Amino acid sequence: ESESSRLLLLPLELILEIFAYLDARFVLTVLPLVCRMLRDIVQDKVTWRIRVQKRVQACYPVVEDEEFDWPAACVDLEEQLQHWSEDGRKVEHFSLGDGHFASVDSILLLQDGALCASGSRDRKVNIWDMRKLGQEEEKVLVKSLGVERNETHKGWVWSLASRGSILSSGSWDSTIKLWDMEAEGQQCGEIRGKAAVLCLAFQPDILVAGSYDKRVTIYDPR
């Protein structure tokens, strides 16, 4: 008890430095049970803001709203970083090198990570089955979308976005193509713009595109 009392006499900066050596989830769930002072420190969002910014060493988050949950963000961040600790020895590594013959500029996970879509400067969008990683590569590559003259678009594929079962791909050919993943990736729509499509965002009944001509365009893809 006397040791605990001496600890609480330390400056707050030193207490936070000691906290930094403890697991974030432990700090959040166990230390508040020790005493009222530790509970107050743990419940102060400044404690977690300082901890996160020391880990990230950059502006985080980019945009902070009033209800931003600093403790939860810190726990999630540190648990993610632990996956990459010890020089990545805890992480399995797979390389899929033969699906594209040019730079891959866009990646999107689908169906809770079961599938992965990749868009490339070879003008193709490939669909990969992440559940078959570790098998022969031809088993991991499900298909290339479109297959018209072995290409998905007539220009570089620069952006991907999805909502539900619909995948959208944006290209330097100034088109956005829509693909139904529940129908084996069949094309179910096409939007023709006036400039290269550089970024996409998909929300319910709204598809937003940013293009090379400095425009942001909102589409109703229904």
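## Strand pairing

Strands S10 (residues 206–211) and S11 run antiparallel and are joined by four bridges. Within this pairing, Ala209 has Thr217 of S11 as its bridge partner, and Gly210 stands opposite Val216 in S11. The model described here is predicted.

The two strands belong to an open sheet of three strands, in the order S9-S10-S11, with antiparallel pairing. Strand S9 (197–203) and strand S11 (216–219) are the edge strands, each pairing on one side only. From one strand to the next, the twist averages 20°.

## Residues with positive phi

The hairpin of S10 and S11 has four residues between the strands, and Lys214 takes a positive phi near 70° there. Lys214 is a residue other than glycine, and its place is in the loop between S10 and S11. Its relative accessibility is 82%, so Lys214 counts as exposed.

Glu184, also a residue other than glycine, has a positive phi near 60°. Glu184 lies in the loop between strand S7 (175–180) and strand S8 (186–192). With a relative accessible area of 64%, Glu184 is exposed, because the cut-off for that class is over 50%.

## Largest cavity

Searching the whole structure gives two cavities of 30 Å³ or more. The largest has a volume of about 110 Å³. Its lining consists of Leu16, Glu17, Phe19, Ala20, Val27, Thr47, Trp48, Ile50, Arg51, Lys54 and Arg55.

Helix H2 (12–19) and helix H5 (45–56) each supply at least two residues of this lining. H5 gives the largest share, six residues. By class, the lining of the largest cavity divides into six nonpolar, one polar and four charged residues.

## Second largest cavity

The second largest cavity has a volume of about 30 Å³. Asp23, Ala24, Arg25, Val75, Glu78, Glu79 and Gln82 line the second largest cavity. The elements that contribute two or more residues to this lining are helix H3 (24–29) and helix H6 (70–83).

H6 provides the largest share of the lining of the second largest cavity, four residues. The classes represented in this lining are two nonpolar, one polar and four charged residues.

How values were computed:
Residues are numbered from 1 along each chain as its sequence is written. This is a predicted model: local features need pLDDT of at least 70, side-chain atom pairs count only at pLDDT 80 or more; totals for chains, interfaces and linings use all residues. Side-chain values use heavy atoms; hydrogens and water are left out. Two strands pair if DSSP finds at least two bridges between them. Axes are lines fitted to C-alpha atoms, for helices over the stretch in contact, and angles run from 0 to 180 degrees between N-to-C directions. Buried means under 20% relative accessible area, exposed over 50%, partly exposed in between (1.4 Å probe, protein chains only). On a 1 Å grid over the protein atoms alone, a cavity is a set of points where a 1.4 Å probe fits but cannot get out, and a pocket is an open set with protein on both sides within 12 Å along at least five of seven lines; lining residues have an atom within 4 Å of a point. Grid points are joined across faces, edges and corners, and a volume is the space filled by probe spheres set on the points. Ala, Val, Leu, Ile, Met, Phe, Trp, Tyr, Cys and Pro count as nonpolar, Asp, Glu, Lys and Arg as charged, and the others, Gly among them, as polar.
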